[in-house]
Amino acid sequence: MRDAAPALAARLREIATADRIDHDELRKTAVELFELLGLTPEQAATAADVSLYAQLAGLESHGLVHLPLYVTGLIDGTIRARPDVRIHRNGTATAHIDGGR
């Protein structure tokens, strides 16, 4: 997948300067980027779908507009690509979720 980095970088530059971006191309690019940064294919697809949905719905607080932040976090380790998530139930309506930090 690391061999794909130069082509992916070129596509990201094209997307950044485009007037319109094809939904499917943007999703594919986001999936590939998340995979390159260590997410499993399933996690990468989910991350891309959720971010793209948020962007298209106008919820820019979680949209692809934040892709540079996600990339930086995955590179510097502040976001873990494969965290050890554990759910501890506290009650019928609450739970403690340990994100592996």
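**Notebook: a walk through the helices**

I began just after α2, where glycine 38 takes a positive phi of about 110°. I kept in mind that this is a predicted model.

**Entry: helix α1**

I went to α1 next, residues 5–17. Its 13 residues reach 19 Å from first C-alpha to last, close to the 18 Å expected at 1.5 Å a residue. I then asked which residues of α1 are buried. They are Leu8, Arg11 and Ile15. These cover an arc of only 60° around the axis, which puts them on the same side of α1. I turned to the other side of α1 and found Pro6, Arg13, Glu14, Ala16 and Thr17 exposed. What do the buried residues of α1 pack against? The partner is α2, residues 23–36.

**Entry: arginine 11**

I looked up what arginine 11 touches. Leaving out residues up to four places away in sequence, I listed Glu25, Lys28, Thr29 and Glu32. The side chain of arginine 11 makes a polar contact of 2.9 Å with the side chain of glutamate 25. A polar contact of 2.9 Å also joins the side chains of arginine 11 and glutamate 32. Glutamate 32 is itself among the buried residues of α2.

**Entry: alanine 4**

I stepped back to alanine 4, in the segment before α1. Is alanine 4 buried or partly exposed? I noted it as partly exposed, because its relative accessibility is 29%. I also checked alanine 4 against glutamate 32, 28 residues apart along the chain. Their C-alpha atoms are separated by 8.6 Å.

**Entry: helix α2**

At the start of α2, I found a side-chain oxygen of aspartate 22 within 3.2 Å of the backbone nitrogen of aspartate 24. For burial in α2, I wrote down Leu26, Thr29, Ala30, Val31, Glu32, Leu33, Phe34 and Leu36. Which helices do these buried residues pack against? I noted α1, α3 (41–56) and α4 (67–76).

**Entry: the nonpolar core**

In soluble globular proteins, nonpolar side chains tend to be buried together. I looked for that here. The largest nonpolar core has 18 residues. Leu33, Phe34, Leu39, Leu64, Leu67 and Leu74 touch the most other members. I asked where the core residues come from. α1, α2, α3 and α4 each supply at least two. α2 gives the most, with six residues.

Not counting residues up to four places away in sequence, leucine 74 touches Phe34, Leu37, Leu39, Ile79, Arg80 and Ala81. Two of these, Phe34 and Leu39, are on the list of core members with the most contacts.

**Entry: the hairpin**

Last, I looked at the strands. β1 covers residues 86–89 and β2 covers residues 95–98. In which sense do they pair? They are antiparallel, over four bridges. I found arginine 86 opposite aspartate 98 in β2. The two strands form a hairpin, with five residues between them.

Conventions:
Residues are numbered from 1 along each chain as its sequence is written. This is a predicted model: local features need pLDDT of at least 70, side-chain atom pairs count only at pLDDT 80 or more; totals for chains, interfaces and linings use all residues. Side-chain values use heavy atoms; hydrogens and water are left out. The expected span of a helix is 1.5 Å times one less than its number of residues. Buried means under 20% relative accessible area, exposed over 50%, partly exposed in between (1.4 Å probe, protein chains only). The arc is that of the directions from the helix axis to the C-beta atoms. Contact means heavy atoms within 4.5 Å. A polar contact is a pair of N or O atoms within 3.5 Å; within protein, one must be able to donate a hydrogen and the other to accept it, and residues adjacent in sequence count only if both atoms are side-chain atoms. A nonpolar core is a set of buried Ala, Val, Leu, Ile, Met, Phe, Trp, Tyr and Cys residues joined through side-chain atoms within 4.5 Å. Two strands pair if DSSP finds at least two bridges between them.
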